[in-house]
Amino acid sequence: MSTQADIRHDWRPDEIQALFDLPFLDLLLRAQTLHRRYHAPNTVQISTLLSIKTGACPEDCKYCPQSIRYDTGVEREALMDCDAVVDAARAARDAGATRFCMGAAWRSPKGKDLVRVAEMISEVKALGLETCATLGMLDEQQAQTLRDAGLDYYNHNVDTSEDFYGEIITTRTFQDRLDTLERVRAAGMSVCCGGIVGMGETVSDRASMLRTLANLPEHPQSVPINQLVQVPGTPLAGSEAVNPIDFVRTIAVARILMPASHVRLSAGRTDMSDETQALCFMAGANSIFAGDRLLTTGNPEADHDQALFRRLGLRPEGAHEQPPRDMQAVALER
Ligand code: SAM
Ligand code: DTB
Ligand code: SF4
């Protein structure tokens, strides 16, 4: 049974630190127990990403292969044609995704580009998919335009703690991020907001980032937890890799702080073992990106994910009309 007492917006730093300090198995048990009050067990929501405008971003996010400031070999690509985006969305739907997320390497969208993205959103929604976009900072009017086009979710990550933010990005502030999130909420869209683990932050930074998310006026409906994908040429390439147990702890604490939200095991899965991913699901992750690409970097192959789902007895959430053929096979076998 769910209780309002689980959904809090007044978490104190010491309470969150105490969660990180729990014995690992106590933390996992608590996270999975709470998870089952709010979500169907063994069920994972599937999103697919498409980079609709790639590279040459003016921002200086130290993790990002798409910043114009770093030589990462990412080929810049102008905003895609609507038809090509719709084709990709249809393929994602037919492969079992229920949400399609369109990402653009912008600081913020420009007028005429936003009109084109609005058209893409309407057409992707008409396929019966939930729509998500991540286009950088928005003003009120832009948020409303996206909402009117049928955008369900807007992804805009805080990425790390307020204190550590300036070490990672200097071209905008943490408050700029919060301001956009407020406009997204005010326009009536669901918020997808999370961050990255493995950028040299401390556990206390991770706790502070999650506290920011949990103490927002509403919990983000979707909370992507990314493990840094180290891309040669970015300033963060060569960072010390995050220990898998510490990554799983971050997922578990996110689950406990935001029990009703979808917590997405996001970027970084190609660098994780199946066992680490299984622990993430045990810790309360119930969403992934499927498809062999994220935006510019790789993601596990469909075959690998299907085998992992089969071995763990996981099923896709609300799969579209019919489950994809391979997932039907999973259901029949069980
Ligand atoms: N330009 C927009 C923005 O920054 O909001 C949208 C696209 S941006 C690529 C979306 C998110 O991807 C970032 O906020 C960051 O959390 C994540 N991201 C980017 N590069 C990453 C990397 N190398 N590893 C993990 N996550 C990454
Ligand atoms: C999020 O939190 N992770 C996704 C999505 N939101 C847009 C992006 C991950 C990007 C990883 C690096 C790349 O592929 O360029
Ligand atoms: Fe640009 Fe977004 Fe990459 Fe930052 S994370 S450099 S804003 S594409």
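The paragraphs below take the cavity, then the pocket, then the cores.

This is a predicted model, in which local features need pLDDT of at least 70, side-chain atom pairs count only at pLDDT 80 or more, and totals for chains, interfaces and linings use all residues. Residues are numbered from 1 along each chain as its sequence is written, and side-chain values use heavy atoms, with hydrogens and water left out.

On a 1 Å grid over the protein atoms alone, a cavity is a set of points where a 1.4 Å probe fits but cannot get out, and lining residues have an atom within 4 Å of a point. The largest cavity holds about 860 Å³, taken as the space filled by probe spheres set on the points, which are joined across faces, edges and corners. Tyr63, Cys64, Gln66, Asn157 and Leu295 are the closest to its centre among 42 lining residues. Strand 2 (99–104) gives the most to this lining, with 4 residues.

A pocket is an open set with protein on both sides within 12 Å along at least five of seven lines. Of its 29 lining residues, Thr48, Ala290, Gly291, Asp292 and Arg293 are the closest to the centre. Strand 1 (43–53) supplies the most, 5 residues.

A nonpolar core joins buried (under 20% relative accessible area, 1.4 Å probe, protein chains only) Ala, Val, Leu, Ile, Met, Phe, Trp, Tyr and Cys residues through side-chain atoms within 4.5 Å. The largest has 92 residues, of which Ile52, Tyr63, Leu135, Leu146 and Leu210 touch the most other members. Apart from it lies another core of 7 residues, including Leu49 and Phe289.

Definitions and conventions: Chains are lettered from A and ligands numbered from 1 in the order in which they are written. Helices (H or I, at least four residues) and strands (E, at least two) are DSSP runs, numbered from the N terminus. Buried means under 20% relative accessible area, exposed over 50%, partly exposed in between (1.4 Å probe, protein chains only).
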